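Welcome! Below is a short tour of ring pairs, charged contacts and pocket lining, to read alongside the coordinates.

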Amino acid sequence: MDRLLLVHPPLLGPAVLGPLAGELRAGGASVAVPDLRAAVQDPAADRPSAAGWAQRWAAAVGPADVVVGFSGAGVALPLVAAAAGARRVVWLDAVLPPAAGTAGWPAEVRERVAPLVGEDGRVADWTTWWGPGAMVELLPDERVRAAVLAEGHRLPADLWSTGVPVPPLAAEARYVHLSPAYDQDAAAARDRGWPVGGDGRGAHLDVATDPARVARLLR
């Protein structure tokens, strides 16, 4: 049986992947969804700092046959997959880093984050970005929404200006395209010759709202 590792994005905790993990387990898969929130931040820093966050994520995960990274987790996925010894890596509606070198965040992401930085050098909790009532629309299931909101946290602003090393990818790679927001990343994956599942016509949070569909795309 394959061991699957689901990697949540820095802005959210593992709860957003809970419904997908449950669907995959119901299909017989062995699934781990570690909570990597604390490893984003450097506890030794004098100020909020994300320096080395991806390396700390890689050090925090265990072995896995398949690593699936969702959304912003895609930036760190080559490091995490190498640490896990994965033979297959899946970018799930995720930011696609360059094939080698150093990964950075897309300009539109940095521009979105810039006005959300507080005086303490941290960015507002992602669940507050979209205005009152938005999370009810994005996550209509009350239990899922409550779990995601409970894991909300404020990240160091320099996370989005910190480069992430990209080691050579030895594993088989593929992309799963859920939403229009990741059209360019899916296209870049196709340009690399990777298989791409999904048509990008759904919603980014289908991992939580339509996990059965997403699980089928991952199988």
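## Salt bridges

Let's begin with Arg37, which counts as partly exposed because its relative accessibility is 21%. Bear in mind that the model is a predicted one. The partner of Arg37 in a salt bridge is Asp35, and their closest N and O atoms are 2.6 Å apart. Asp35 is partly exposed too, with a relative accessible area of 42%. In total, the structure holds seven salt bridges.

A second bridge joins Glu172 to Arg88, with 3.9 Å between the closest N and O atoms. This pair ties together distant parts of the chain: Glu172 belongs to strand β7 (residues 172-176) and Arg88 to strand β4 (residues 88-92), 84 residues apart. Glu172 is partly exposed at 45% relative accessibility, and Arg88 is partly exposed at 21%.

## A buried charged network

Are Asp206 and Arg213 buried or exposed? Both are buried. They form a salt bridge whose closest N and O atoms are 2.6 Å apart. Asp210 comes into the picture as well: salt bridges with shared partners join Asp206, Asp210 and Arg213 into one network.

## Aromatic pairs

Now for the rings. The structure has six aromatic pairs. One of them is Trp53 with Trp57, an edge-to-face pair at 5.0 Å centre to centre and 90° between the planes. Both residues sit in helix α2 (residues 53-60), four residues apart, or about one turn of the helix. Trp53 and Trp57 are both buried. Ring pairs also connect them with Trp105 and Trp160 in a cluster.

Trp129 and Trp130 make a tilted pair, with 5.9 Å between centres and 55° between the planes. The angle is neither under 30 degrees nor over 60, so the pair is called tilted rather than stacked or edge-to-face. Trp129 counts as buried at 12% relative accessibility, whereas Trp130 is partly exposed, its relative accessible area being 39%.

## The largest pocket

Two or more lining residues come from each of α4 (107-113), α7 (183-191) and α8 (206-209).

Which element gives the most to this lining? Helix α4 does, with four residues. Sorted by class, the lining of the largest pocket comprises 24 nonpolar, six polar and five charged residues.

Methods: Residues are numbered from 1 along each chain as its sequence is written. This is a predicted model: local features need pLDDT of at least 70, side-chain atom pairs count only at pLDDT 80 or more; totals for chains, interfaces and linings use all residues. Side-chain values use heavy atoms; hydrogens and water are left out. Rings of Phe, Tyr and Trp (its six-membered ring) pair if their centres lie within 6.5 Å; planes under 30 degrees apart count as stacked, over 60 as edge-to-face and the rest as tilted. Buried means under 20% relative accessible area, exposed over 50%, partly exposed in between (1.4 Å probe, protein chains only). Ala, Val, Leu, Ile, Met, Phe, Trp, Tyr, Cys and Pro count as nonpolar, Asp, Glu, Lys and Arg as charged, and the others, Gly among them, as polar. A salt bridge is a side-chain nitrogen of Lys or Arg within 4 Å of a carboxyl oxygen of Asp or Glu.
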